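Here is a short report on one protein chain. Keep the sequence and the 3D view open as you read.

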Amino acid sequence: MVAMPPTVGNSYNKPYRKYRSECVILNDMLKLVAKNGREGIKKTPLMNYMNMNNTSFKTYKGMLEDAALIEKKDHGRSEVLYITGAGRLLLEFMKAFSCLYNYERWRARQLAEAYARRLAEERGWVVRKDDGLVDYLLEGSGRKVGVLGAVCDGGEAALLARLVKDVTELNDLVIVRLSGSPLAENAPKFSLIDDGIVIVNATSDGVNKEEVVRHLAEILAARQL
């Protein structure tokens, strides 16, 4: 089986002592089962690593089984858990969710606001805080452009962007993405321009803001043609 996280002595480390929401618990359990791939993971090691008593563990395991996100098979006296295809699909969606569920997102939102307001000024559009699925909404020339701050890697940001774009009536969507690690000096400022989606690879200090806004304005103008 795939190795579990490092141990201390003969027992599993227990980093899960803080309060956890139901969503976080289910997500963490699902990720641990997924890490063990086709080999699966036995019930007891998973319960120990999650730092749960038997009653709580049965409850959450049952929720995942009822939703067909994991399945169990008996191997002799041991119960082995496996992730299903639906479980893997949910984990992909949860990656997109993690772009927003991040304590550093306030920095990304600040940059999103700065870019949105400067872009609106550049184009003579109206900008406002949005009560929908993005942080700021720009409107003008019969178009709607959403701007959303996120903290994650490029792949997760792209998935988030496509999900938001698919369930909104936005003409264009700009994701202002902060990475968890510093950007390389030669990293591209725009990592995805596709189907009305633009991902801006930003730095927390907003370096080259004017250049970014100017490029965004050019992209949006070209989209109107």
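## Surface and overall make-up

The model is predicted.

The chain has 225 residues, and 43% of them are buried. It holds 7 helices and 11 strands. Take the contacts between residues at least 6 apart in sequence: 61% of these join residues at least 24 apart.

## The largest nonpolar core

In soluble globular proteins, nonpolar side chains tend to be buried together. In this chain, the largest nonpolar core has 27 residues. The members that touch the most others are Y115, L138, V147, V174, V176, V200 and L216. Helix α5 gives the most, with 7 residues.

A second core is separate and has 21 residues. Its members include I25, L32, M47 and L81.

## Two residues to look at

Start with L138. Beyond its neighbours within four places in sequence, L138 is in contact with A116, L119, A120, W125, V126, V127, R143, K144, V145 and V147.

Now turn to R105, in helix α5. Is R105 buried or exposed? R105 counts as buried because its relative accessibility is 15%, and the cut-off for buried is under 20%. Leaving aside neighbours within four places in sequence, R105 is in contact with C99, L100, D135, L148, G149 and V151.

Terms used: Residues are numbered from 1 along each chain as its sequence is written. This is a predicted model: local features need pLDDT of at least 70, side-chain atom pairs count only at pLDDT 80 or more; totals for chains, interfaces and linings use all residues. Side-chain values use heavy atoms; hydrogens and water are left out. A nonpolar core is a set of buried Ala, Val, Leu, Ile, Met, Phe, Trp, Tyr and Cys residues joined through side-chain atoms within 4.5 Å. Buried means under 20% relative accessible area, exposed over 50%, partly exposed in between (1.4 Å probe, protein chains only). Helices (H or I, at least four residues) and strands (E, at least two) are DSSP runs, numbered from the N terminus. Contact means heavy atoms within 4.5 Å.
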